[in-house]
Amino acid sequence: SEVLHCITDTRYFLSNYYAYRDEKEGFKGLYPFFDSQEILFEEYRRLEKVYGKVRALVLKARQMGSTTYNTGETFHHTIFFEHRNAIMVGKDEQQKNKMFSMYSSALDFIPWWMRPRQKAFQTGSIIEFDEKDEVLRATRPGLKTLVNFENANKPSGAGRGDTFNVAMLSELSFWADGKQLSKSLLPTFNTPDGFYVMESTANGRNDFWHNLWRRAEAGKVDWHPIFIPFYRRDKTYSIPVLKTEVFVLSEDETQMRERVFNKESFLIK
């Protein structure tokens, strides 16, 4: 019953069983969600309800917990469900290894009775969930789920020739060749119930990521844009005001605060 609860309730699973390394507290569950992570959770569930799938572009400020959260969603989609072919792509070798470490550490922390049988584990490259014993595999097969970890700057092109039903791509605005996304990866994201997320901070104008985002905003591509501004994670981009200081907002800051409140009912403190 606990496994079924985790399968059907993503929030419950991420809050109680998905462990990540916190900056101050060490490994802990993803509870409570940051406000920025609440936005992602709500939008993903809405997309699943309306379209039966998630195809999302996440434009975010730094330190929003987006990569941690999206790795958790990918983790949830791959340790419980059969026949998943997943890919996680970092902007470079360092980020790819970080994503692998985040995923494999989460796997280490779930209880033994929840952990899927594991057939292969190649550090920084592949984790395969299946029955390892060939004889037993014929009578009690495992999930037959494969999780691939790739470097976006891989010369041969990440993911070329595969079909994926789960994908998490990070920091696309920093990819050396953003066009490889349309050449080798986008054609593989074609399952009707897929979970596909591409995330990045901004890095200039008129590059592949910026143009893709603007097209999504205009409804010209089949991707849902999700914007997470800097003020949607408390205390990340702020410093305390001393009691001895007199703090007065500038005219521009006051107008911005009012615009945000009127549009989102969110008060920047």
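## Helix α3

At 1.5 Å a residue, helix α3 (residues 35-51), with 17 residues, should span 24 Å, and its end C-alpha atoms are 24 Å apart, which agrees. The expected span is 1.5 Å times one less than the number of residues; helices (H or I, at least four residues) and strands (E, at least two) are DSSP runs numbered from the N terminus. This is a predicted model, in which local features need pLDDT of at least 70 and side-chain atom pairs count only at pLDDT 80 or more, while totals for chains, interfaces and linings use all residues. Residues are numbered from 1 along each chain as its sequence is written, and side-chain values use heavy atoms, leaving out hydrogens and water.

Buried residues (under 20% relative accessible area, 1.4 Å probe, protein chains only) of α3 include Ile-39, Leu-40, Phe-41 and Tyr-44. The buried residues of the helix pack against elements including α2 (10-16), α4 (66-79) and β3 (54-60). Just after α3, Gly-52 has a positive phi of about 75 degrees.

## Nonpolar cores

A nonpolar core is a set of buried Ala, Val, Leu, Ile, Met, Phe, Trp, Tyr and Cys residues joined through side-chain atoms within 4.5 Å. The largest has 43 residues, and Phe-13, Tyr-18, Tyr-44, Phe-75 and Tyr-103 have the most contacts inside it. Helix α5 (residues 93-109) gives the largest share of this core, six residues. A second, separate core of 21 residues includes Trp-209 and Trp-213.

## Ser-15

Ser-15 lies in helix α2 and counts as buried at 16% relative accessibility. A polar atom of the Ser-15 side chain is 2.8 Å from the backbone oxygen of Arg-11.

Terms used: Buried means under 20% relative accessible area, exposed over 50%, partly exposed in between (1.4 Å probe, protein chains only). Contact means heavy atoms within 4.5 Å. A polar contact is a pair of N or O atoms within 3.5 Å; within protein, one must be able to donate a hydrogen and the other to accept it, and residues adjacent in sequence count only if both atoms are side-chain atoms.
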